[in-house]
Amino acid sequence: MNQGRVKHLMLVVNFSKIDVAPRLLREYARYHYRKLQTSSSVCKSSQDNTKDTDSFANGSSAAYIEGLYTKWSKNPRSVDSSWDAYFSGKPRSISTTPSLYKKSEVSADSSATKTTKDAAAAAPPPASAGGVAPAAAAGAPPAADWKYIDDHLTVQAIIRAYQVRGHLAADLDPLGIVGPPGITSVDGKKRNAAQAVLRQHYTYVFNDLNATFKLPSSTMIGGDEQFLPLKEILDRLERVYCGHIGVEYMQITSLTKTNWIRERFEKPGAIMFNPDEKKLILERLTRSTGFENFLAKKFTSEKRFGLEGCDIMIPIMKEIIDRSTKLGVESIFIGMAHRGRLNVLANICRKPIPDILSQFHGLKATDSGSGDVKYHLGLFTERLNRVTNKNVRITVVANPSHLEYVNPVVLGKARAEMYQRGDSNGSKVLSIIIHGDASFCGQGVVYESMHLSDLPCYTTFGTIHIVANNQVGFTTDPRFSRSSRYCTDVARVVNAPIFHVNADDPEACIHCARVSTDYRAEFHKDVVIDIVGYRRNGHNEADEPMFTQPLMYQRIRKLQPVMQKYAEKLIKEGVVQEKEYKDMIAKYEKICDDAFIESKKVKTIKYSSWIDSPWTGFFEGRDRLKVCPTGVSLETLNNIGEIFSNPPPAEHKFEVHKGVLRILALRKQMVKSQMADWSLGEAFAIGTLLKDGIHVRLSGQDVERGTFSHRHHVFHHQSQDKGRYNSIEHLYPDQSPYVVCNSSLSECAIMGFEHGYSMAHPNTLVIWEAQFGDFANTAQTIIDSFIASGETKWVRQSGLVLLLPHSMEGMGPEHSSGRIERFLQLSDDDPDIYPDTCDCDFVARQLMDTNWIVTNLSTPANLFHALRRQVALGFRKPLINFSPKSVLRHPLARSPFRDFTECSEFMRIIPETGKAGCKPDCVEKVVFCSGKVYYDLVKEREEHEQDETVAIIRVEQVCPFPYDLITKQIELYKNAELIWCQEEHKNQGSWSYVQQRFDTTLIKMEDETRCISYHGRPPNSAPSTGNKVRHYTEYKNFMTSIFGELTEENKQRLERIVKEQQAQAKQASSSTKAKTVGQGEDKTKAKSSKDDKKDDKKDDKKDDKKDDKKAKPGATTAPPTSPPASPPPKQDNKSPTTSAPKGDMNPADKTKGKIDTKQENSKKATTDETNKNDENLKKPTK
Ligand SMILES: Cc1ncc(C[n+]2csc(CCOP(=O)(O)OP(=O)(O)O)c2C)c(N)n1
């Protein structure tokens, strides 16, 4: 017995303190307890006072054990026999009962046999629950059998421990800083798996390693062999799990997948490379390292974010691409940050090196845009893969500084490409995302994006994630940048296998690349390769890493590049000759040198040569300023309206919710009366685009039904699980596919995804809808870095539509504002320049020249035209529309079918069409506004009886500012005071944006006597109050600032109207009850049970109550005298937003008796919309 053994024991015992008590210790404790009980008298009488009777199991400290050992070495009997057994080196564990074990081949020597025998003699009897030896128990098998079973189970547990936790002891760090401790076993062999891996079985490992065991079916380490000595089992497990690859896969719940992975790692000979393959790896490493060396030599002071230390990433990516192409992949989308990006462009995409180098020369760009730094630029390339002789398209998606935010964009692009190629399982399109270790675990968007991996409408059928893990994030060590053990732990949530691999073992790395590619192809699921390397230089090449990582960099300085190490290995193996290797290096150096000379000849650069989404054929021969008409035929509208308002055809036997049937019946009624509400207007836009061959995708939280229960694009079978029906998918036999999909509860990843989707193909309309506009700010990076500036930085267009529900309805700070001001502030039109409005293409040019379009629409027809215009334009531009909430059901917010037909178009402003518009000279105040507040203004004006003196003009397209039309309006109302009214706070909404532009307009008009004044809520840091009283007071204040206080006559008149309305509402409610509402409902009713009838009654009661409420002042929908959407104090007036989730409660439509009046009003409101040419703006229709 030696000191080493004591140390070993100390380890065991200490370990027992920090982990669950090792089973062995428990066994010993029981054994001694029993011994003491059964022979207490003997013990007591023979007990030597000097004998330390503390048993093996009770030892608790290193000092104590050392003391015991000293005692024992003087007199072995002075300690408990268990300690004696231990210190004398008698193994206590696995017995080798000949009949039960295959004869140990390696334990032939006599000492080993003796040891085994001694061990068998010394070993305490196995534990049993009752403290009685199993052999003694009635009917139980003999103790030896129990031991046999126990030992086999232990070996199984050891195998499983390696499979589950072997990666914890893998040798992953090329720097050797974070490495397995390496424990020397009793056979003198160093093994990595220690307590962390083996836990309670750790002690067994160091005893008899020669016993042979039958391998369980849960491992493939045996290959064709069923029995192996424990020593061999351990060696094989060590090689597989604790070598240069840490296989983390046991979190996967599917047995098929875990078995598949086992086969690829455990099977003897699983990792094999022939000489040609090895040579190819070296060649690729030569390029990877050579490229960085070349840049370092030529551009010493330039930032390039080199890959040195993770050089193997290039051969890994090459392997993935080769192998995927062989498996049928035709198009690959890559997302990555700065690290090694130039290398990827040069060596993966084969972007001509002179083009890359010219980015270092500081050249002028000949095209418009502001460009980006060289390590953010995107790229598209189509080239022949030399290994597979197949064409492959590679896209490296342009990337902002914001790490990881490109991930969802890549996924969206890949998904869109799958749609275009009809690839239903990802066999033709592959997404690869490269991460940094610090950002992979630090950025929330990674988690959000990972969660898309298995969602039916978002999956790309497996992404291959590669982590360029250089074990440092800028200057921060992992222990300060993450709480998880690995930077990849986020991938565990989606059950992805994670292969950690030492970057300095090229063959291990390439093996992981192969397995990952095959895994993704086989299972269509995400997979992660964590390349554990280092960073040879600072964060960028000018940074001094020794400031913060001195010890790490002392090691790095001594480390040979992997290329050199691998070359030496291959030279030793005789795979390459030294000269061959030197030639490889020289050849690539020459390529780079020639490219450098070539790059010097380049005098200008073009941003457009770095585009990652070339829409081949879209722009060629196209007049970009020509806008196709957006109106459609009445016949089309009727067809879409008819289908959209019908339940699924009878043959589907689809049971629709009766509330939905009621909504359908009301839709039908609208179609009959040739009037469209918001939902129908939107459906017209989507349906007509589908008819025109445009693929439409609408995505966001709960969009299928619509947050406010107005949309109902997807019906759910009421008695069949997962039975769904979407009538918009069935409008025309040859229509394009329509995808409407509820998303995960993420804004950032989903918006990024949809942005990516929108860029893939110009003939697609992609719409993302926020639950409430306010929530879009969790996607601010996507908005700022991609949507607002993507075209300017990367010449990359997108026609993405964001629908941001917005309006101040007393719903509190976070359910009110979509933050119009932020979008307007990011708009890049110059507020001080009055554009050339005489240009005949002014409208289209203005749209083309701005970075996005911001609208706050007030009619369904305008929504229809705005959506269709997205595709009718000769270019693509993001559209940010602030959508209504209560106005979704506002009776005035309806458009007649003629506003959708051929002679209609998008209206940038909607001029006054009432009395004030007829006598512009008599108008005292002209109120410009946008969005929902228009309806409040109309109501207030009516209540104040100022219809002739106040004109209200809706600015539907806020950005780009409709200078031409605004100028005409100002001219028209030449005597009027100019007012901007908004319901948002002064520091929010459109005010800051429009004020400057109104001023510019007035300067241009040389009208020094007039200026625009603000009427709205005062400034506030919060978007809205949460207090209804304050909300209404604010509302009243700004309305009063425009219209003044109500006069006595006004008040009396209003009281009369309210009474009339209440009577009308009651009448309407009772007539609603009496009527049946549509064909579908009739059928359902025929079948309905008594319960249904009861439900109906309940609903009707609710409806009655609602109608009553609506009739009170403050209800939102009663036209035209209905009080504001903003409820007055003390009235518990549910806005449509709160009542919305009850899909069968459409407040606007419940007041059936009023429909005609509403239509009249609406007709009136829209009559002049069709006569909206410039002439008419001068002379309003009478
Ligand atoms: C969202 C975001 N936060 C901060 C930064 C600043 N930054 C640039 S690189 C970097 C370190 C990233 O570390 P890692 O992900 O490990 O990649 P590495 O640079 O080491 O390759 C940081 C913090 C950034 N670009 N993006």
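Are aspartate 612 and arginine 796 buried or exposed? In this predicted model, aspartate 612 is buried, and arginine 796 is buried too. The two residues form a salt bridge whose closest N and O atoms lie 2.6 Å apart. This pair ties together distant parts of the chain, since its members are 184 residues apart. Aspartate 612 sits in the loop between β14 (604-605) and α24 (634-644), while arginine 796 belongs to the loop between α29 (790-794) and β21 (801-805).

A search of the whole structure gives 59 salt bridges, and a few others are worth a look alongside this one. Glutamate 573 pairs with lysine 569, with 2.8 Å between the closest N and O atoms. Here both partners lie in helix α22 (residues 562-573), four residues apart, or about one turn of the helix. Glutamate 573 has a relative accessible area of 39% and is therefore partly exposed, as the value falls between the 20% and 50% cut-offs. Lysine 569, at 34% relative accessibility, is likewise partly exposed.

A further salt bridge brings together the side chains of aspartate 936 and lysine 932, at 3.3 Å from N to O. Aspartate 936 is buried, as is lysine 932. Beyond individual pairs, salt bridges with shared partners join Arg264, Glu277, Glu319, Arg323, Arg514 and Asp518 into one network.

Notes:
Residues are numbered from 1 along each chain as its sequence is written. This is a predicted model: local features need pLDDT of at least 70, side-chain atom pairs count only at pLDDT 80 or more; totals for chains, interfaces and linings use all residues. Side-chain values use heavy atoms; hydrogens and water are left out. A salt bridge is a side-chain nitrogen of Lys or Arg within 4 Å of a carboxyl oxygen of Asp or Glu. Helices (H or I, at least four residues) and strands (E, at least two) are DSSP runs, numbered from the N terminus. Buried means under 20% relative accessible area, exposed over 50%, partly exposed in between (1.4 Å probe, protein chains only).
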